[in-house]
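Grab your viewer and work through the exercises below; each one comes with a solution in steps. Try each task yourself before reading on.

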Amino acid sequence: GNNSDNLKRILITEPPLNPHRNKRKMLEILFESMDFESVNIANQSLLVLYARGLLTGMVVDCGEGVTQVVPVYEGYVAPHLIRRHGVVGKTITKYLSKLLTQTSSKMTQGDHLDTVVR
């Protein structure tokens, strides 16, 4: 076998605007504590577009705590154009749950949350 077949390699995804100190700490742990020999860090927004066969597009990433709009042009993210918004997943979930509660008296609050999350 090829010697490179035995290398411990890993692909890590990172969110847009991930602070450099977080990246440094992650690399320190991966190289020093976990003995990885090769680490590739990829931007999540780029991977979303690549999965669709695209190099240019606008990625809207709505997470539990932050929503980010990430423009990508020909495979490059322009960090100065990324926008963060306060309308987030948990806010949307609460709002949809409230709407279901108002429109249906037969479901319990837990049932609403389960329906919204699905």
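**Exercise 1.** Find out how many bridges join β4 to strand β6, and in which direction the two run.

*Solution.* Step 1: locate the pieces, with β6 at residues 83–85 and β4 at residues 67–73. Strands here are DSSP runs of E with at least two residues, helices are runs of H or I with at least four, and both are numbered from the N terminus.
Step 1: count the links. Three bridges join β4 to β6, and the pair runs antiparallel. That passes the pairing test, which asks DSSP to find at least two bridges between two strands.
Step 2: pick out a partner pair, such as Q68 with R84 in β6.

A quick word on ground rules: this is a predicted model, where local features need pLDDT of at least 70, side-chain atom pairs count only at pLDDT 80 or more, and totals for chains, interfaces and linings use all residues. Residues are numbered from 1 along each chain as its sequence is written, and side-chain values use heavy atoms, with hydrogens and water left out.

**Exercise 2.** Work out how β4 pairs with β3 and with β5, and how covered β4 is.

*Solution.* Step 1: take β3, residues 57–62, which is antiparallel to β4 and joined to it by six bridges. M58 sits opposite P71 of β4, and four residues separate the two strands in their hairpin.
Step 1: move on to β5, residues 76–77, also antiparallel to β4, with two bridges between them. Here Y73 has Y76 as its bridge partner. This hairpin has two residues between its strands, and E74 in the turn shows a positive phi of about 50°.
Step 2: check the cover. Five of the seven residues in β4 are buried, so the strand is mostly covered; "buried" means under 20% relative accessible area, "exposed" over 50%, and "partly exposed" in between (1.4 Å probe, protein chains only).

**Exercise 3.** Which residues does E14 touch, leaving aside its neighbours within four places in sequence?

*Solution.* E14 counts as buried because its relative accessible area is 11%.
Step 1: list the contacts (heavy atoms within 4.5 Å). They are K23, I41, A42, N43 and Q44.
Step 2: look at the side chain of E14, which makes a polar contact with that of N18 at 3.0 Å. The rule for a polar contact is a pair of N or O atoms within 3.5 Å; within protein, one must be able to donate a hydrogen and the other to accept it, and residues adjacent in sequence count only if both atoms are side-chain atoms.

**Exercise 4.** How many salt bridges does the structure hold?

*Solution.* Step 1: recall that side chains of opposite charge can pair when their charged atoms come close. The cut-off puts a side-chain nitrogen of Lys or Arg within 4 Å of a carboxyl oxygen of Asp or Glu.
Step 1: count them, and you get two.
Step 2: take K23 with E14, at 3.2 Å from N to O. K23 is partly exposed, at 22% relative accessible area, whereas E14 is buried at 11%.
Step 3: turn to K25 and E28, whose closest N and O atoms are 3.5 Å apart. Both lie in helix α1 (residues 20–33), three residues apart, about one turn of the helix. K25 is partly exposed at 44% relative accessibility, and E28 is partly exposed at 37%.
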